[in-house]
Amino acid sequence: MRKWLFALSLLTAFFLDNVFLNTANVLGLRPDVTLAMLISLGVLLGPAPAALTGFITGLLADIFFNKIVGLTALTYMLSGLAGGLFYRKFYADNLIIPTVTAMVCSFLKEHFFLIASLLYGSKPNYFAALGYYILPCFLLTGGVCLLIHLFFKAALFKPLYRKEAIKLD
Amino acid sequence: MKKSFANKPVLIMIIAVVLLLVLAFFSASSRTIPWVESAVGWLMRPVQTVAYKVSDGVSGFFRNLFNSTDADLENAKLKQQLAQYEQTKLDYSELVKENERLRAMLNYAGSLGDIDFVTAKVIGRSNGVWFDMITLNVGRSRGIEPGMPVICGDGLVGKVTDVGANWCKVTSVIDSSVTVAVTVERTRDNCMVRGVFSTTNASGELELYYLPTDLTDLVPGDVIMTSGIGGIYPKGVKVGTVEEVMLDTESPINAVVTPSVDFLHIEEVMVVTGFGGEN
């Protein structure tokens with residue numbers, strides 16, 4: 001059941017990021033739902049599953065929608081790994097860790113893409129991009145990560161903790 | 001050092017990072033899609049098509065909700081009473097709209113002369129603001145090749161860059177890496193337009209360059225068409241309309257052009273098959 005919920009959540013995040021939020025967004029601003037989910041997974045499950053999930057979802061997004069194949073896969077994989085750095089180092093109830101990690105990863109991811117677009121010959125105004133896109137997306141991603149972490153803890157991981165607690169008793 | 005290499009996950013991660021960087025480097029240049037990528041695309045395309053339709057339906061619902069007037073509310077009431085009838089009516093209206101769009105595309109294609117084309121539906125868009133790409137539901141099986149121009153009833157959309165078995169990716173003209181050779185319709189001056197990176201204007205903007213500034217009298221409202229120079233795009237396809245003229249400034253940009261295509265709401269396009277393919 002937990003695996004199905006996890007897969008469904010991931011599919012929903014993929015759909016939201018790559019299809020829905022591309023057509024329905026306000027002023028082009030959108031949270032990176034998949035990245036937020038990967039951070040939360042990393043904190044709750046550890047670096048290896050989060051990084052692997054990030055690699056697969058990123059690669060799929062790249063193949064279908066993006067110009068450079070590998071960039072999203074790389075950023076998602078490293079984001080999963082970054083979330084995993086806090087695995088079992090803090091209480092899973094801690095909401096600040098995943099939120100801040102998601103914000104930092106979103107900030108770095110957008111800069112990574114900014115550099116790629118510069119290499120492609122685009123001439124973005126850095127401060128305009130920072131003010132109008134990167135920072136709002138950074139805040140949105142942090143907020144979404146907080147909600148996702150709360151959902152994952154309640155829906156996916158609470159039963160597991162309960163089971164482990166019963167075993168320990 | 002020795003310890004970190006003894007750690008298998010770290011080693012796997014380093015290899016993955018290096019491989020992805022190599023992949024990104026090679027995919028950034030012109031390439032042929034490997035069979036694995038093509039096969040994954042083939043398998044996932046139906047899912048993607050359904051997902052795009054669902055998304056469009058949901059966003060359409062919310063658009064209608066926020067734009068509701070008394071007439072809309074009354075209409076909604078009637079819809080409840082005559083659900084079946086209204087559904088048929090909606091289907092009919094959707095078909096009429098689609099028919100109008102396709103007819104406009106056909107007329108437009110006819111006005112461009114004797115060109116062969118394949119009609120396609122937009123099934124995806126690139127994520128984020130850094131690149132402007134759209135995914136179409138046609139691919140190699142329908143004769144699509146990289147480099148083929150893509151147009152719609154309103155004008156030039158872009159160029160096919162990646163092709164899978166039954167899908168392809170199109171780099172739109174508003175992408176900041178794309179340059180198009182154009183002509184000012186009224187004055188017949190040849191110049192270039194280039195996509196402008198914008199975080200605020202999602203429908204895109206183009207900048208016009210290399211106009212003979214002392215010889216031209218470009219004015220806002222002038223229509224910009226493809227010139228056909230370079231052989232990448234067919235001649236005479238509408239690209240946009242001049243929004244702002246900047247001939248007397250030091251800037252290399254001569255004008256700002258609004259694209260004729262509404263990239264946010266584009267649904268059907270035509271891939272010009274007899275033109276510009278690389279193979």
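Helix α2 of chain A passes α3(A) in a right-handed crossing (right-handed if the near helix is turned clockwise from the far one by less than a right angle, left-handed if anticlockwise). Helices (H or I, at least four residues) and strands (E, at least two) are DSSP runs, numbered from the N terminus. The model is predicted, and local features need pLDDT of at least 70, side-chain atom pairs count only at pLDDT 80 or more, and totals for chains, interfaces and linings use all residues. Residues are numbered from 1 along each chain as its sequence is written, while chains are lettered from A and ligands numbered from 1 in the order in which they are written.

Back to the helix pair: the axes of α2(A), residues 33-45, and α3(A), residues 47-65, come within 7 Å and cross at roughly 160°. Axes here are lines fitted to C-alpha atoms, for helices over the stretch in contact, with angles running from 0 to 180 degrees between N-to-C directions. That makes the two helices, α2(A) and α3(A), roughly antiparallel (the label for angles over 145 degrees). On the α2(A) side, the residues in contact include Leu38(A), Leu41(A) and Leu45(A), and those they meet in α3(A) include Pro47(A), Ala50(A) and Thr57(A); contact means C-beta atoms, placed from the backbone, within 7 Å.

Chain B has a closed barrel of six strands, running β6-β7-β8-β11-β10-β9 with antiparallel pairing. Neighbouring strands of this sheet are turned by 40° against each other on average, direction ignored. Strands pair if DSSP finds at least two bridges between them. Strand β11(B), residues 255-259, is joined to β8(B) by three bridges and to β10(B) by five. Val257(B) is the bridge partner of Leu206(B), and Thr258(B) that of Thr241(B).

Two bridges join β3(B) to β12(B), and Val150(B) has Val271(B) as its bridge partner.

Finally, there is helix α4(B), residues 70-81. Of its 12 residues, the number buried is zero, so α4(B) lies largely in the open.

Notes. The expected span of a helix is 1.5 Å times one less than its number of residues. A residue is buried if 20 or more other C-beta atoms lie within 10 Å of its own, exposed if 12 or fewer, and partly exposed in between; C-beta atoms are placed from the backbone. Angles under 35 degrees count as roughly parallel, over 145 as roughly antiparallel, 65 to 115 as roughly perpendicular and the rest as oblique. Two residues are in contact if their C-beta atoms, placed from the backbone, lie within 7 Å.
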